[in-house]
Amino acid sequence: MRALLERVGRGMEGLVTGLRVTFTTLLRPKNTVMYPIKKVDVSPRWHGLLALPIDPQIGNDLCIICFQCERVCPSRCIHIEATGKAKERVLTRFDIEMDKCQYCGLCVEVCPTEAIVFVPHYEASTYNRHNLNYDLEDLHRAAPKEPIARGVIR
Amino acid sequence: MALRTEELILNMGPQHPSTHGVLRMVVTLDGENIMDVQPDIGYLHSSVEKMMEYRTYIQNISLADRGMDYLAALANEMALLRAVETLGGIETPLRAQWLRTMFLEFQRIASHLVWLGTWGIDIGATTVFLWCFREREQVIDLFEQSTGGRLHYVYFRPGGVYEDIPEGWLQKALAFCDDFEQRLVEYHQLLTGNPIFEVRTKGIGVLPREVAINLGASGPVARASGIAFDVRKAFPYMKYAEVEFDIPVREEGDCFARYMVRMEEMRQSVRIIRQCAEKLPPGEIRAKVPITLRLPKGEVYTRTESPRGDLGIYLVSQGGETPYRVKIRAPAFSNLFALSEIMRGWKVADMIAILGSIDIVLADVDR
């Protein structure tokens with residue numbers, strides 16, 4: 001009988017300890033956010049989507065067609081083609097297969113004119129894989145005119 | 001009429017939730033008792049070693065992040081770069097060395113927190129999972145602010161690191177250290193004195209010292225069996241020779257000892273981070289190393305201490321832009337094959353606890 005009471009007592013003690021943790025956790029600040037409604041800030045160095053921002057002075061991107069990013073890319077997802085010679089060279093194709101990209105940032109690192117940059121944006125999922133083949137227009141449009149995913153509250 | 005009994009062969013995995021990946025275990029059961037366990041690996045084989053032969057050294061850094069132990073990406077980068085820098089004779093600036101040491105210890109904390117949380121779930125403690133991932137989120141936020149990545153940071157480069165830490169980062173890191181030491185006490189309150197936890201772990205899955213040595217176990221698994229070996233102390237790299245820390249060693253070799261060793265390691269990591277933050281000198285963070293790095297002809301074997309144990313890289317170069325051969329000595333692979341030795345004679349429910357306590361990552365096992 002006494003052993004039983006002791007066991008009940010220990011059980012109650014455990015219950016009280018557990019409930020105390022529950023109630024103290026109720027009073028603490030929340031650690032999660034309601035995702036689609038609230039979004040978490042990403043840091044300025046965030047490895048997000050790639051873009052070729054348009055420089056307002058030139059009215060075009062800063063790419064000098066040196067092919068360094070194409071060469072350094074580990075997953076070979078950048079495809080560049082150009083026509084013309086010397087200073088009259090024009091980009092005819094600058095495709096990034098975003099589904100292959102592994103967001104390592106080597107292309108951003110080697111770019112001599114900082115033409116290719118990361119955008120603080122992380123919601124790239126689509127229902128069709130072909131939507132992830134970004135061509136030159138898409139890359140111009142993805143340029144960070146304004147921050148995209150920064151604690152937006154609907 | 002006597003009851004007819006026979007042995008039962010049970011396939012556990014590859015999609016079993018508590019195998020921590022795609023591990024298949026062929027278990028021979030006699031009732032509830034385990035007679036034999038044969039781990040069957042290869043479901044996550046990504047042939048990283050072969051792929052590395054077709055990529056330049058700087059491209060291999062991003063491959064080492066993903067193809068190997070994905071929970072400790074920086075430890076893989078360090079292992080690869082230690083081989084590259086040793087063979088190429090590349091000097092790393094002092095500030096980069098201190099930064100690397102600090103980041104590696106943060107990586108160790110993050111990796112051990114994932115282990116503690118998932119192992120807690122395996123043996124029926126859900127709270128510890130949520131608490132561990134709360135703290136891991138803070139570590140990953142620190143990584144994100146400095147490297148830009150949350151799981152795969154291509155941060156270390158031959159001869160340094162890519163970017164310097166941003167302003168105010170060091171204060172945040174130290175604030176995390178203060179907070180985390182109190183959290184560790186909370187984890188101990190949650191688990192260490194818990195009667196259910198102690199029954200599930202104490203004396204379960206004993207790995208004797210001799211078996212651990214024979215099977216080449218390393219890291220916390222070996223240290224829990226009484227082998228006081230740590231690559232950070234035995235073959236110091238970066239700034240580990242200049243910081244003070246202890247190697248936790250336990251003699252028991254059971255699940256509880258492995259748990260206590262890892263908990264103590266996290267505390268020691270905090271200690272190393274504090275010393276790194278204190279001694280961090282100003283200056284260069286990256287030596288001048290060309291992007292298309294060519295290593296001289298030769299071969300090298302270097303080892304580093306990843307959160308799972310002794311991670312070695314054997315690198316052969318023929319003088320080109322790409323390595324000729326890379327062999328990865330994965331710690332989780334050696335630790336995994338201690339399983340069939342440990343598990344014999346225990347019950348099915350203990351199998352989950354033992355498997356979790358080894359801390360395997362299948363990407364590291366299969367490579």
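What pattern does chain A follow, read along the sequence? Chain A runs α-β-β-β-α-β-β-α-β-β-α. This is a predicted model, where local features need pLDDT of at least 70, side-chain atom pairs count only at pLDDT 80 or more, and totals for chains, interfaces and linings use all residues. Residues are numbered from 1 along each chain as its sequence is written, while chains are lettered from A and ligands numbered from 1 in the order in which they are written.

**View 1. Chain A as a whole.** Chain A has 4 helices and 7 strands. Helices (H or I, at least four residues) and strands (E, at least two) are DSSP runs, numbered from the N terminus. Its C-alpha atoms fill a box of roughly 100 × 30 × 30 Å, taken along the principal axes. The radius of gyration of chain A is 26 Å, whereas a compact globule of 154 residues would have one near 15 Å. That radius is taken over C-alpha atoms, and the globule rule is 2.2 Å times the number of residues to the power 0.38.

**View 2. An open sheet in chain A.** Three strands of chain A make an open sheet in the order 4-5-7, with antiparallel pairing. Two strands pair if DSSP finds at least two bridges between them. Strand 4 (78–83) and strand 7 (133–134) of chain A are the edges, each pairing on one side only. Strand 5 (residues 90–97) of chain A joins strand 7 of chain A over 2 bridges. Glu97(A) has Asn133(A) as its bridge partner in strand 7 of chain A.

**View 3. A hairpin in chain B.** Strand 6 (residues 298–306) and strand 7 (residues 309–317) of chain B run antiparallel, joined by 9 bridges. They form a hairpin with 2 residues between them. Find Thr302(B): its bridge partner in strand 7 of chain B is Ile313(B).

**View 4. Two packed helices in chain B.** Helix 11 (residues 255–279) and helix 14 (residues 348–358) of chain B pack at about 30 degrees, with axes 10 Å apart. Axes are lines fitted to C-alpha atoms, for helices over the stretch in contact, and angles run from 0 to 180 degrees between N-to-C directions. So helix 11 of chain B is roughly parallel to helix 14 of chain B; angles under 35 degrees count as roughly parallel. Cys255(B), Arg258(B) and Tyr259(B) of helix 11 of chain B meet Ala353(B), Ile354(B) and Ser357(B) of helix 14 of chain B. Residues are in contact if their C-beta atoms, placed from the backbone, lie within 7 Å.

**View 5. Where the chains touch.** Here 14 residues of chain A are in contact with 16 residues of chain B. Helix 3 (residues 106–110) of chain A gives the largest share of chain A's side, 3 residues.

Terms used
Angles under 35 degrees count as roughly parallel, over 145 as roughly antiparallel, 65 to 115 as roughly perpendicular and the rest as oblique. Two residues are in contact if their C-beta atoms, placed from the backbone, lie within 7 Å.
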